[in-house]
Amino acid sequence: MTRQQTIELICKIFDELAPPIENDPSVNESTRLFGGRLDSVNVVSLVVELEEQIADHCDVAITIADDQAMSQQRSPFRTVGSLADYIQSLMAESTRA
Amino acid sequence: MPKGEQRVGLVTGSRKGLGKFIAQQLVACGYAVFGCSRLPADWTLEGYHHLEADVSNEQQVKEAIAQIRRSHGRLDVVVNNAGIASLNHFLMVPASTIDKVMATNFRGAWLVSREAAKLMMKARYGRIINVTTVAVPMRIRGEALYAASKAAVETMTRILAHEVGEFGITVNAVGPTPIDTDLIRKVPAASIQTIIDGLAIKRKGQPKDVMNVIDFLIRPESDYVTGQVIYLGGA
């Protein structure tokens, strides 16, 4: 799964969890995960859905968990793009193992 | 019952003892039951599927839950029963034993609960039952490590209840008294008697005493009971 495909997957699940209303900007790489349309429960659901779809489609079991998850500055959960990067690194790590 | 409608349970440490009893009882209640242990089970039962998995191994836990998701698409009940005991004066406990006991009793319950909750939250329904011990409130000499590992499980139980409550998942714990299983086989009779003497009801526990509490906690009507630790015997 490429970085772009990962971003598209995140955006798709994002929209399913919190459908856009009228003037909401479309979700893209720079969309922040916390503080916008998603509440903390949505973010947890996003992570669960991502793990499941990646396991099913890529046959790679990753755990999207990080001690910095709640940090505003260093969290891989800052934006759609940073989460995609983090997922890419987890998948690469899992393939190497 | 068509696939998808049957309730599904997972019991860890189900190869023998209390876990085996709980797994068999859940099957009798109509559940499709998965059990797991590090070694294969030497018993079979229609409706029971044994998985070889070490609960302290993150990848093995993920694979076990993924297997349940793929075959049944749901998980209604988890009983975190897998546990190992340690009886020793705290001055005599090697560091390696601390790691081993905490890995199975605490890390294992954490990982299984975490992965199970991911499946449960999609259905907005789930019951997680952690097995603790009366050794926590009774402060028994020689059981510092075992009790500490279970105290960690109890704290986890209480906080998880808050973190997953909005997904329809309840998290509770049951604390048995000594039951005649391998877990207490090496515990001196005098130590067991000391525990029994400290109980309100002075006898050893039986697996059915634990199952009675589990029966109550997994009922759909018990959806308002969460974050609780229920000790048996009046400890």
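Let me start with the crossing of α2(B) and α3(B): helix α2 of chain B passes helix α3 of chain B in a right-handed crossing, where a crossing is called left-handed if the near helix is turned anticlockwise from the far one by less than a right angle, and right-handed if clockwise. Please keep in mind that this is a predicted model, in which local features need pLDDT of at least 70, side-chain atom pairs count only at pLDDT 80 or more, and totals for chains, interfaces and linings use all residues. Residues are numbered from 1 along each chain as its sequence is written, while chains are lettered from A and ligands numbered from 1 in the order in which they are written.

In that pair, α2(B) covers residues 58–72 and α3(B) covers residues 95–123, and their axes come within 9 Å and cross at roughly 30°. Helices (H or I, at least four residues) and strands (E, at least two) are DSSP runs, numbered from the N terminus, and the axes are lines fitted to C-alpha atoms, for helices over the stretch in contact, with angles running from 0 to 180 degrees between N-to-C directions. The two helices α2(B) and α3(B) are therefore roughly parallel, given that angles under 35 degrees count as roughly parallel, over 145 as roughly antiparallel, 65 to 115 as roughly perpendicular and the rest as oblique. On the α2(B) side the contact uses Glu58(B), Val61(B), Lys62(B), Ile65(B) and Arg69(B), and on the α3(B) side Leu111(B), Val112(B), Glu115(B), Ala116(B) and Leu119(B), contact here being C-beta atoms, placed from the backbone, within 7 Å. By class, this contact of α2(B) with α3(B) has six nonpolar, no polar and four charged residues, where Ala, Val, Leu, Ile, Met, Phe, Trp, Tyr, Cys and Pro count as nonpolar, Asp, Glu, Lys and Arg as charged, and the others, Gly among them, as polar. As background, an α-helix has 3.6 residues a turn, so residues three or four places apart point the same way.

Next, which helix does α3(B) pass in a further right-handed crossing? That partner is α5(B), and the axes of α3(B) and α5(B) come within 9 Å and cross at roughly 15°, which makes α3(B) roughly parallel to α5(B). From α3(B), the residues that take part include Val101(B), Phe106(B), Trp110(B) and Met121(B), and they belong to a set that meets residues of α5(B), including Tyr146(B), Val153(B) and Leu160(B). Sorted by class, the contact of α3(B) with α5(B) has 15 nonpolar, four polar and one charged residues.

Helix α5(B) itself, residues 144–164, has 21 residues and reaches 30 Å from its first C-alpha to its last, close to the 30 Å expected at 1.5 Å a residue, the expected span being 1.5 Å times one less than the number of residues. Among the buried residues of α5(B) are Leu145(B), Lys150(B), Glu154(B), Met156(B) and Val164(B), where buried means 20 or more other C-beta atoms within 10 Å of the residue's own, exposed 12 or fewer, and partly exposed in between, with C-beta atoms placed from the backbone. What covers these buried residues includes α3, β5 (126–131), α4 (135–138), β6 (169–175) and β7 (229–231) of chain B.

Two loop residues of chain B deserve a word on backbone geometry. Arg124(B), in the loop between α3 and β5 of chain B, has a phi near 55°, a positive value in a residue other than glycine, and Arg124(B) is exposed, with 10 other C-beta atoms within 10 Å. Arg139(B), in the loop between α4 and α5 of chain B, has a phi near 50°, again positive in a residue other than glycine, and with 10 C-beta neighbours inside 10 Å Arg139(B) counts as exposed. For context, most residues other than glycine have a negative phi, and most peptide bonds are trans.

Turning to chain A, helix α1 (residues 3–17) and helix α3 (residues 80–96) pack at an angle of about 125°, with their axes 9 Å apart, and α1(A) and α3(A) are therefore oblique to each other. Cys11(A) lies in helix α1 of chain A and is partly exposed, with 17 other C-beta atoms within 10 Å. Not counting residues up to four places away in sequence, Cys11(A) touches Val27(A), Asn28(A) and Val80(A).

Finally, between the chains, six residues of chain A are in contact with nine residues of chain B, and the side of chain A that touches chain B has four nonpolar, one polar and one charged residues.

Technical notes. Two residues are in contact if their C-beta atoms, placed from the backbone, lie within 7 Å.
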